[in-house]
Structures are given as C-alpha cells and as structure tokens.
Amino acid sequence: MTDQPATLRADVLAHTTRLLAGSSPMTARDIAAALTKAGLVGVDKKLVNSVLTIEGKDRFSYDRATYTYALSNPDALAAPAPTTHTDRGPEINRDVLLAACRKLIVDGKPRTAKEIAAELTKQGMAGVDKSLVGSVLMREGKELFTYDRTNYTYSPR
C-alpha cells in the first residue's frame with residue numbers, strides 16, 4: 001500500500017492538520033512545500049495526496065475543481081501532536097547516504113530509488129526509504145547522477 005515509514009506518514013498527517021487549521025485550502029504541492037520548509041524530509045505531492053486520502057479520509061475534504069484540500073470540520077478536530085525526531089531514531093546524514101549511493105551505483109547499472117533504498121537497507125543502513133534516496137540524489141547528487149524519467153532510474157554521470 002505504501003512505501004513510506006509509518007512515522008513519516010503520521011508526521012505528514014499531523015503537520016497538515018495544523019497547517020490547514022490556520023489557513024485556507026491548499027494544493028498537495030503547496031502542502032508538500034510547506035512541510036519540507038518545516039523540516040520534514042522526503043515529502044512530495046504524491047505522499048501528501050496518499051496520506052490525506054488514506055489516513056486523512058475522514059479529516060480532510062478535497063475540492064476537485066480547485067485541486068485543494070481543507071479540513072472537513074476544523075472546529076471538531078484537534079490537531080494531533082507530531083512525532084519528534086527522537087521517535088524515529090537517529091537522523092540520516094544526507095552526505096553519508098550520498099556516498100553510499102555513489103558506491104552502490106559505481107557499476108553503472110541504472111537503479112530506481114526503491115532498489116537503491118532496499119540495497120542500502122540490506123547493507124545495514126537503517127531509516128533509508130525511496131523518497132529519502134530520491135531527495136538526496138536529486139538535490140545533493142544532481143551533478144553526480146542522471147535521472148531517467150521514463151524508467152525512473154538513476155545512473156552515474
């Protein structure tokens with residue numbers, strides 16, 4: 001059903017509830033940008049849409065005309081407290097993750113973010129998921145890797 005850790009999905013739900021409690025309806029893209037700016041790593045439009053339609057199905061309403069989400073009943077809902085970073089364990093050092101990705105892809109074989117995350121997890125790197133790998137490779141690794149949008153794979157430059 002989902003590839004994201006439950007703690008990240010819970011954080012997206014909690015932060016979005018608080019965000020929309022104090023604002024007008026927002027698109028998933030705008031919500032993702034606000035949550036990323038607030039420090040949540042690996043949040044994108046796809047994740048926001050998934051969380052709000054699955055875990056938040058009774059909490060949020062979606063307006064198909066404007067592509068925006070709003071709280072269904074802002075007065076009845078108390079925003080849950082977001083989990084803290086200590087609940088997730090140690091934060092992943094993005095530079096260490098980038099180095100591990102470089103070492104893995106040195107063979108030149110294109111891989112998806114999901115394949116890279118699975119291999120790094122198998123090698124003992126805890127807390128790595130495909131959204132974090134994609135984020136690191138697209139930001140810190142943008143000069144080192146190419147991304148094939150047709151096959152969703154990363155390759156060394």
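This is a predicted model: local features need pLDDT of at least 70, side-chain atom pairs count only at pLDDT 80 or more; totals for chains, interfaces and linings use all residues.
Start with helix 1, residues 6-21, and helix 3. Their axes come within 10 Å and cross at roughly 80 degrees. Helix 1 and helix 3 are therefore roughly perpendicular to each other. On the helix 1 side, the meeting residues are Leu8, Arg9, Val12, Leu13 and Thr16. Helix 3 answers with Leu47, Val48, Ser50, Val51, Leu52 and Ile54. Sorted by class, this contact has eight nonpolar, two polar and one charged residues.

Helix 3 also packs against helix 2. Here the angle is about 105 degrees, and the axes lie 8 Å apart. That makes helix 2 roughly perpendicular to helix 3. Ala28, Arg29, Ile31 and Ala32 make the contact from helix 2. From helix 3 come Lys45, Val48, Asn49 and Leu52. The classes in this contact are five nonpolar, one polar and two charged. Val48 and Leu52 of helix 3 belong to the contact with helix 2, and Val48 and Leu52 also meet helix 1.

Four helices each supply at least two lining residues: helix 2 (28-37), helix 3 (45-54), helix 5 (113-122) and helix 6 (130-138). Which helix gives the most to this lining? Helix 6 does, with five residues. By class, the lining divides into 11 nonpolar, seven polar and nine charged residues.

Two loops deserve a look as well. Most residues other than glycine have a negative phi. Tyr67 has a positive phi of about 60 degrees, although it is not a glycine. Find Tyr67 in the loop between strand 2 (60-63) and strand 3 (68-71). Is Tyr67 buried or exposed? Its relative accessible area is 54%. Exposed means over 50%, so Tyr67 is exposed.

Tyr152 also has a positive phi of about 60 degrees, and Tyr152 is not a glycine. Tyr152 sits in the loop between strand 5 (145-148) and strand 6 (153-156). With 53% relative accessibility, Tyr152 counts as exposed.

Notes
Residues are numbered from 1 along each chain as its sequence is written. Side-chain values use heavy atoms; hydrogens and water are left out. Buried means under 20% relative accessible area, exposed over 50%, partly exposed in between (1.4 Å probe, protein chains only). Ala, Val, Leu, Ile, Met, Phe, Trp, Tyr, Cys and Pro count as nonpolar, Asp, Glu, Lys and Arg as charged, and the others, Gly among them, as polar. Axes are lines fitted to C-alpha atoms, for helices over the stretch in contact, and angles run from 0 to 180 degrees between N-to-C directions. Angles under 35 degrees count as roughly parallel, over 145 as roughly antiparallel, 65 to 115 as roughly perpendicular and the rest as oblique. Contact means heavy atoms within 4.5 Å.
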